[in-house]
Amino acid sequence: MGNEVSLLQIQNLSLAFLKQGQKLQALRSVSFDVAAGEILAIVGESGSGKSVTGLSIMKLHSAKVELAGSISYKGHELTKFSDDTMRGFRGSQIAMIFQEPMTALNPVFTIGYQLKEVLKLHRSFSDREATRVGIELLTQTGIAEPELRMKNYPFQLSGGMRQRVLIAMALAGHPSLLIADEPTTALDVTIQAQILQLLRDLNERLQMAIMIITHDLGIVAKLAHRVAVMYAGEIVEQGKVNDILKNPRHPYTKALLASLPASQNLKHNQKLHAISGQPPLISDVISGCAFRPRCEEALEVCSKPIALRSDESAAREWRCIFPQL
């Protein structure tokens with residue numbers, strides 16, 4: 001997917017939450033692209049900045065933030081958009097599926113009411129048109145008896161069906177980019193596989209770009225074309241999925257892969273590899289490589305500031321990846 005035109009370009013994006021006179025650095029010089037029609041996975045531990053990155057693209061973070069860098073979508077600089085302009089972009093250009101399908105829908109309104117509201121907002125449909133297209137969208141996402149489901153309340157649907165409804169709502173505005181934040185959270189393995197297959201089908205059928213946020217490298221391997229690995233608010237490594245999974249370069253990526261259960265190789269009662277220590281807190285001041293305190297390959301040079309690179313091979317000049325530096 002490397003030669004396609006970039007749909008989304010993130011360059012040197014930094015974000016800090018401002019709280020009680022304290023600056024909490026959530027993102028630090030994040031850079032990546034999403035090409036039209038590709039699936040990019042953002043992977044990392046909880047607290048690594050994955051969801052904050054997605055919310056920043058949608059401009060859904062708190063007003064009390066300090067933001068620097070560029071978020072360009074089809075040549076439009078989103079960081080300069082007013083709230084009103086951004087509201088028009090959300091859904092019609094970029095849509096987002098949030099975590100926790102069990103709680104993302106409003107429990108007091110029917111599925112049909114919530115889906116039709118989105119259609120009326122983004123496509124100015126009449127109620128009759130919205131009903132017809134709403135049924136079509138539920139059908140596209142694999143929901144049986146869509147006419148009946150339009151009359152159901154969220155509590156009457158399973159977790160997998162609710163996730164399909166959220167995907168249908170995200171598709172309502174015909175977006176070119178879908179951001180899926182942990183789309184299989186709280187779903188059983190069988191339903192997870194169905195949702196991933198649905199996302200893959202939508203990507204292929206509609207040529208819709210997808211940015212999937214996950215902590216699960218298994219999902220990355222099954223779904224994505226490229227992957228960006230995040231740690232402590234930074235992207236430490238990115239590239240094609242097969243390249244990263246087969247030949248990881250950064251010690252954090254290597255440690256993540258070593259932590260995966262290889263069931264065919266595990267012996268009875270054999271313990272999984274775990275990364276020692278804890279990731280830094282958002283309030284910590286970080287100098288050099290943030291992974292250094294947990295890294296088995298750390299050198300003295302890793303404590304020194306890391307310069308940004310201009311090429312696509314890495315977001316920064318990690319000494320472990322570029323030993324000549």
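## The model

This is a predicted model: local features need pLDDT of at least 70, side-chain atom pairs need pLDDT 80 or more, and totals for chains, interfaces and linings use all residues. Residues are numbered from 1 along each chain as its sequence is written, and side-chain values use heavy atoms, without hydrogens or water.

## The whole chain

The chain has 11 helices and 10 strands. These are DSSP runs, numbered from the N terminus: helices are H or I with at least four residues, strands E with at least two.

The C-alpha atoms fill a box of roughly 65 × 55 × 45 Å along the principal axes. Of the 325 residues, 48% are buried (under 20% relative accessible area, 1.4 Å probe, protein chains only). Among contacts (heavy atoms within 4.5 Å) with a separation of 6 or more, 63% join residues 24 or more positions apart.

## Helix α5

Helix α5 covers residues 127–140. Its 14 residues reach 20 Å from first C-alpha to last, close to the 20 Å expected at 1.5 Å a residue. That expected span is 1.5 Å times one less than the number of residues.

The buried residues of α5 are Ala130, Val133, Gly134, Ile135, Leu137 and Leu138. They pack against α4 (111–123), α6 (146–151) and α7 (159–171). Gly142 follows α5, with a positive phi near 85 degrees.

Notes. Buried < 20%, exposed > 50% of the residue type's maximum accessible area, 1.4 Å probe, protein only.
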